[in-house]
Structure formats: C-alpha cells, structure tokens
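Subject: Structure handover

Hello,

Please find the structure below, with the notes that go with it. Have a look at it first, then read on.

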Amino acid sequence: LIAVNKMDLVGYSQEVFERIVQDYTGFAARLSIPDLKFIPISALMGDNVVESSREMPWYTGESVLEYLENVYIGSDRNLIDLRFPVQYVQRPNLDFRGYAGQIVSGIVKVGDEVRTLPSMRTSRVKSIVTFDGELEYAFAPMSVTLTLEDAIDISRGDIIVHPRNLPQLQSSFEAMVVWMSEEPMDPARPYSIKHTTRTTKVHIQDVVYQVDVNTLHRSPAERLRLNEIGRVVFQSAAKLFIDAYHKNRYTGSFILVDPVSNNTVAAGMVIDRLPEAELRAAPDAGAAPRSENIRREVGRVTAADRQRLLGQRGLTIWLTGLSGSGKSSIAKEVERRLHEAGRHTYVLDGDNIRFGLNRDLSFSKADRTENIRRIAEVARLFNDAGTIVLVPVISPFVADRENARKVIGEDRFFEVFVDAPIEVCEQRDSKGLYRKARAGEISEFTGISSPYEPPESPALTLRTGEKRLEQCADAVLEAVRPRLRP
C-alpha cells in the first residue's frame, strides 16, 4: 500500500497524484513487488484515511482503513512446504517423547512420513498433541507437539519436514542485510546467527554491494553501517535449513547477534535458494590477498639448498578419482616405499585435512574449490621444503585441479588419474557412503548426485579395477623417479 500524503498541499490535484503513481511504479519495478495499491490522502485533514474524501471526487477507490480491513492476505501463508523447527523436547516420563514447536509453514497429518534434519532419519507422525487434546492434522502457524513412531535423537534447532520437500542444507548463503547497530559491521570477527530455533556462529565472507534506498543504485562496500542495506555472503559454522525469503519468510529470515554484547546488530533475508555449488567460488591461484600491506618474504635458505640437503626435489603426486577408487591405498603404499628408499615424503590425505585445516568447509562445489585450493597451498609449502607430497583427494572438477597445478607449479605437479568403474568403487565402499548417497542421505556426492570430470591428459592413469595395489605403486614410482633427482 502506497499512501500518497499531503494532497491538501497541491490542491488535491489528480494530475500530481497520477504523476507520482507513474514515477513510483517505475521505481518499484526493480523491487519485485507484484501488487501495488496507491491511495491519495491528507493525514492532516483526514481525507481518505477512514472515510472517502469529498475533496477528491476523482478518486473512487477505498480509504486506507477500508483497504487494510479487506485486503486478502491468505495467499501470504505457505501451506505447501512443511517446516517444523523443534523448540523443545518433552520427556515427562519414559513412555513419552514429544517434539514441541511452531509449524512455521505447511501442513502435517497423523501418519505422514517425515524426515528430521540434519540427521536425515525418516519416521511417521504418531500423534499431534495440543493443550486441548490430540489432532488429526495441524497447519501453520499452530504450536503443537509431534510424536513419532520411531525413537530418533532430535534436539532444539533440528527441523522436521516432508521427505520429498526439503529446504537447502547450507553453510554458505547470500542475503540482503539491514545493519541495525551503531557499531559498523566488522567482517574480520564472528557473529552469532539466530535462524528459526538454531543458533550458531557465522562469518562474513564478502559484502557484494551496498544499496542506496533512494535510488536502488548498487555500489561497492567493504562493510555496512547503521541503517545501510547490502548483499552479503555468509559462512556459518553449522549447516542451516534455509529457503529463499520470497518462498518462506520464516526459514528465509534471520538475525545477527553480537556475541559479546548480545545486541541484535542486523536482520537478513535469504535472497535465493541456489545450492552452494552456484555461490561464489574461492579465489583462483592468481588472486591477490585482500590486504595490500602483505608481501611474500624470502628466507636465506633457498629451495635448491634444501634439495641438495635432502638429495631430492620437492614434488606433488596428485591422485584424483572417485571415492573407493583406491587413491589413499596407492598413496600410502608409495609413501612407504619412498620412505624405505630414504626419501622424505608425506601423504596429505583429504579426510585428515578436513578434520583440521578445512573443518569449516562443506561439500558444495564452492567449498570443494576452496578445499582443493588450501590443500594445494599446503602442498606447495611442503614442496618448497623439499618434501615429496602425495595428495589422494577426489578433486572432481577439472578447473579445481588446474588451479592446484597453478598454485603448486607445473614442474612440481604430477597428476595421476585413479580410474575405476563406479560399480567397483561401490563394492569397495566400507563406509557405506554410496548406499547413503543413493538413499538421499548425502547430498552432492561425487558419482551419484554430483559429477566427476576425469582428466583429459593426466601424467599417469591407473585402472585399479584391473591392476593390483603393488602394480599401481610400481607404476607411480617408475613414472616419478626421473623427477625426484635434485
């Protein structure tokens, strides 16, 4: 509703009103608002506020109060996407386990199949309990307690949904943010994010742009200040269950809290429902550091000095392939043999890296890109120290491997394609990852729900479905031996 005030100051002119309507309609076209209602009013004189104005007979529409009392808002409710954030687990006795909260969108019925996030466990609704008794169904915005047929470990912050209608489980997302604190945004420090019933730490990765609310012009910005609005990229410590705000205002909105003062500093609206794979990728090998005050330091011991001391050249043996193809087994065997031959070597295992350095990264395309970049940077440092590094990581995308090649250096990067049919990989899958991926319990799983891009011209290809481990290790050692001489 656009109330055009102070019509008394322009003689209740229809021409002035229509010009304002035309100008504002053009301005609002960029706001994606589907329905605008314009009412000419004079708040001072009461014209068209409660009753229709005699001063503007050319306006035959409703007054402000009439419009507000009759406007249809039923379509504003989302009764399609079930979202039930768990606020409290009720255990009054050993025979009752209920999950209390408010249905923020959708409808749930007794007998419905539901899925709990983030555990991805499924069950069926056993009962819907309220203060007034049990119900056969409930809908937004009712507050109820759900009981399930199966005993599932659910706690505050988890969410119950329909299994074929899931929100995005993301730790990286973008949002339009209104900064509400007199203290400016500090991208270098963490904040707390409150989203539905879940609270976790969040870091500001980037301020994409700031919006001038008077012109909607976008301008570059490093931070937001009081009352400023901007598009911001976030990285949360734990995955959030998000929808775009225009689809679901409850799972698409959040607030930021200063963890020191506990003050609310910002409110945000998730602007898309894109998977993390389509968010901004990590910087490439040639990207400059964020600060212009950083420069590379050169020590008094050169790489050549270390090579002469160790009697070897630093080299990265990069093993890429599907999960279960045999990358780690080959890397460990090659490491053992090099060690026995007196070579200084180390395996940078992908899982081990994710336990420490990369524990903040998910398995989205953007985070996988950053994962590979970080591993490549570490491998380069190891190579500078004269160490032979084996890197058994899936690294499914050609662009990421090429970026790793740039980081490490062409002369130090030796790419090995560990080629095995997916059927063989599934047979070797002791962790049950392929089974979980096919059941939908793991998203963005390479070979199942996420593609693998094989190397076009690797330095070496090992078909592990046909060769034994010892033969593969022999092939790697034979191929890299000339490149190890200092």
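Start with Glu333, which is found in helix 4 (residues 327-340); helices here are DSSP runs of H or I with at least four residues, strands are runs of E with at least two, and both are numbered from the N terminus. Glu333 counts as buried because its relative accessibility is 13%; buried means under 20% relative accessible area, exposed means over 50%, and partly exposed is in between, with a 1.4 Å probe and protein chains only. Leaving aside residues up to four places away in sequence, Glu333 touches Leu469 and Ala473, where contact means heavy atoms within 4.5 Å.

Before the rest, two notes on the source. This is a predicted model, in which local features need pLDDT of at least 70 and side-chain atom pairs count only at pLDDT 80 or more, while totals for chains, interfaces and linings use all residues. Residues are numbered from 1 along each chain as its sequence is written, and side-chain values use heavy atoms, with hydrogens and water left out.

Overall

The protein has 10 helices and 24 strands. Its radius of gyration is 30 Å, whereas a compact globule of 486 residues would have one near 23 Å; the radius is taken over C-alpha atoms, and the globule rule is 2.2 Å times the number of residues to the power 0.38. Along the principal axes, the C-alpha atoms fill a box of roughly 100 × 60 × 45 Å. Of the 486 residues, 44% are buried. Of the contacts between residues at least 6 apart in sequence, 71% join residues at least 24 apart. The accessible surface is about 26,500 Å², and 50% of that belongs to carbon and sulfur atoms; areas come from the Shrake-Rupley method with a 1.4 Å probe, and for residues only the protein chains shown count as cover.

Five strands form an open sheet in the order 21-22-20-23-24, with parallel pairing; two strands pair if DSSP finds at least two bridges between them. At the edges are strand 21 (345-347) and strand 24 (460-463), each of which pairs on one side only. From one strand to the next, the twist averages 20°; angles run from 0 to 180 degrees between N-to-C directions, and axes are lines fitted to C-alpha atoms, for helices over the stretch in contact. Three bridges hold the parallel pair of strand 21 and strand 22 (residues 388-392), and Val347 has Leu390 in strand 22 as its bridge partner.

Helix 7 (residues 398-408) touches strand 20 (315-320) and strand 23 (413-419), and its direction makes about 155° with that of strand 23. Helix 10 (residues 469-480) touches strand 20, strand 23 and strand 24, and its direction makes about 175° with that of strand 24.

Antiparallel strands

Strand 4 (residues 88-93) and strand 5 (residues 96-102) run antiparallel and are joined by four bridges. They form a hairpin with two residues between them, and Tyr88 stands opposite Ala100 in strand 5. Strand 5 also pairs with strand 11 (residues 143-148), in the antiparallel sense and over four bridges. There, Tyr99 stands opposite Leu146 in strand 11.

Salt bridges

The structure holds 26 salt bridges, each being a side-chain nitrogen of Lys or Arg within 4 Å of a carboxyl oxygen of Asp or Glu. One of them joins the side chains of Asp258 and Arg189 (3.0 Å, N to O). Asp258 is in the loop between strand 18 (253-257) and strand 19 (264-270), and Arg189 is in the loop between strand 13 (168-179) and strand 14 (191-195), so the pair links distant parts of the chain, 69 residues apart. Both Asp258 and Arg189 are buried.

Another salt bridge joins Lys431 and Asp351 (3.0 Å, N to O). Lys431 lies in the loop between helix 8 (422-427) and helix 9 (433-438) and Asp351 lies in helix 5 (residues 350-355), so this pair ties together parts that are 80 residues apart in sequence. Lys431 counts as exposed, at 52% relative accessibility, and Asp351 as partly exposed, at 40%.

Arg481 forms a salt bridge with Glu478, with the closest N and O atoms 3.1 Å apart. Finally, a network of salt bridges links Asp360, Glu370, Arg373, Arg374, Glu377, Arg380, Asp384 and Arg412.

Regards
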